[in-house]
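Colleague: Please take one part of this model and walk me through it closely. Keep it simple.

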Amino acid sequence: MNELTCRPSCLRPAGRTRTQQCICVVGFLDLFGVSMIIPLLSHHVKALGASPTVAGIVVSTYGILQFFSSTIVGSWSDVVGRRYSLLTCLLLSALGYGLLGMSTSIPLFVLARIPVGLFKHSLSICRALLSDLVSESERPLVMGHFNAASSVGFILGPVVGGYLTEHEGGFYTSSFTCAAIFLMNAGLVWMLPWNETLVHRNTNSSNDLSKRCHDDHCWKSVQNGSHAKGHHTLPAGDAQPDSTAPGKHQGGLRWSEVSLLQPVWRQLSLVGSRIKMVASSDMWDLFLVRLLMGIAIMLYYSNFSLAMEERFSLKPKMTGYLISYSSTLGALAGFLVGPVTQLYRNNMAALLLHSTVLTCSLIFLYAAAPNVWQVVLSSTFFAISTSIGRTCITDLELQRGGVQASGTLIGAGQSVTAVGRVLAPLLSGLAQEFSPCGPPSLGVVLALAAVGLLLIRIPKWDGRGMTKTAKLGKSE
């Protein structure tokens with residue numbers, strides 16, 4: 001049947017600009033604070049008396065918790081709204097890093113990692129919020145800018161963290177500083193112009209419905225930062241919109257007006273239904289490509305310093321410069337995503353295929369490099385191709401799954417990436433038993449598998465088209 005499908009097409013310029021800039025600042029501060037701590041964790045847990053095996057298990061607790069919680073928290077942000085879910089994640093992450101600053105024993109260290117592992121999903125919710133606020137054509141550009149801002153924070157954080165650790169009690173100072181940064185982020189999110197950011201809602205249904213949507217001022221308020229759709233089909237049992245009820249717009253019902261009044265068990269039911277829709281959707285190919293490429297990229301970096309020393313007798317200092325150079329290019333590459341997608345006329349499937357082929361070729365060049373300069377060349381373009389590829393696959397997931405489930409989809413993608421973080425070190429260790437080039441060589445094989453999968457599946461995506469794809473949360 002005909003369905004009023006509303007998409008955000010334009011925002012109030014002032015509200016849109018302020019909101020996007022603030023979200024980019026949140027992303028920058030988030031990774032700035034986290035990257036102050038990450039390089040110090042293994043050293044600190046060993047200083048507490050843990051053996052290398054115990055230290056590895058304790059540090060990996062974060063990744064395991066992220067795997068289980070990413071999809072759940074992302075789906076929860078679809079239910080209760082971006083504002084409250086983002087504030088919750090930031091505040092509980094601040095609590096975790098504050099506890100880390102007081103961790104004088106291994107049990108306290110593990111206790112501190114639990115809230116961070118469960119609720120450190122602020123970047124995913126920020127991406128979901130950005131996808132709520134912009135149209136599909138603007139989304140790659142905005143996501144690229146957000147990734148660039150976050151990457152800059154990840155580059156600068158270790159510098160500050162390293163400086164602080166040179167002083168007595170440096171780890172604890174870094175932890176408390178990180179907690180303060182997350183509290184600052186929570187304050188910034190609280191002050192975002194939620195009431196001013198209004199998204200105009202267009203329709204792709206009949207002209208009469210389009211006219212009615214316009215005449216009735218069918219606007220979506222992002223007062224709670226959640227994504228509300230006109231005639232959005234909720235899971236069975238939810239209250240249906242009442243156009244005559246106060247506070248409700250004709251043609252739509254705010255998620256905040258439904259979800260915040262629901263008891264906890266009802267919120268969990270909604271979260272479960274959204275996760276079930278993702279699990280039963282025909283998106284396994286995108287998630288598999290994400291997993292294969294994620295592991296391939298991690299294998300590229302897994303033994304980079306050791307391989308440079310063994311293959312080219314490169315000193316760790318020079319290897320550090322090369323890694324910083326590649327990371328800086330990766331951050332700047334975020335600004336190229338918009339122009340490149342325009343060059344491809346927003347054909348994200350083709351762009352993903354080409355970026356995957358390029359990434360595969362560059363991993364092969366690195367694995368077979370006869371000298372350092374070929375490594376420098378491959379690192380230059382590798383940073384750019386991976387940055388574009390990450391944005392492409394996220395955008396395709398949102399296109400095929402539906403923006404109304406953006407939190408669930410982005411969370412599911414992060415869960416898939418978490419699986420890669422667990423598998424990559426194991427595969428890297430096995431591959432290094434044969435050669436220093438073993439990990440990148442295995443990465444080439446996995447990237448080739450991703451290319452083959454895309455070559456098989458992309459014609460089916462194009463042939464099916466978005467109008468034939470069952471979007472998550474919609475009924476036929």
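Modeller: Here is a close look at one helix.

This is a predicted model, where local features need pLDDT of at least 70, side-chain atom pairs count only at pLDDT 80 or more, and totals for chains, interfaces and linings use all residues. Residues are numbered from 1 along each chain as its sequence is written, and side-chain values use heavy atoms, leaving out hydrogens and water.

Take helix 11, residues 264-279. Helices are DSSP runs (H or I, at least four residues), numbered from the N terminus. The expected span of a helix is 1.5 Å times one less than its number of residues. Helix 11 has 16 residues, so it should span 22 Å. Its end C-alpha atoms are 22 Å apart, which agrees.

Now look at burial. Buried means under 20% relative accessible area, exposed over 50%, and partly exposed in between (1.4 Å probe, protein chains only). Arg266, Gln267, Leu270, Val271, Ser273, Arg274 and Val278 are buried in helix 11. Seen down the axis of helix 11, these buried residues fall within an arc of 160°, so they line one face of the helix. The arc is taken from the directions from the helix axis to the C-beta atoms. An α-helix has 3.6 residues a turn, so residues three or four places apart point the same way.

What sits on the face turned away from the buried side of helix 11? That face carries the exposed residues Val264, Trp265, Leu268, Lys276 and Ala279.

The buried residues of helix 14 include Thr319, Leu322 and Ser326.

Terms used. Helix = DSSP H or I, 4+ residues; strand = E, 2+ residues; numbered from the N terminus.
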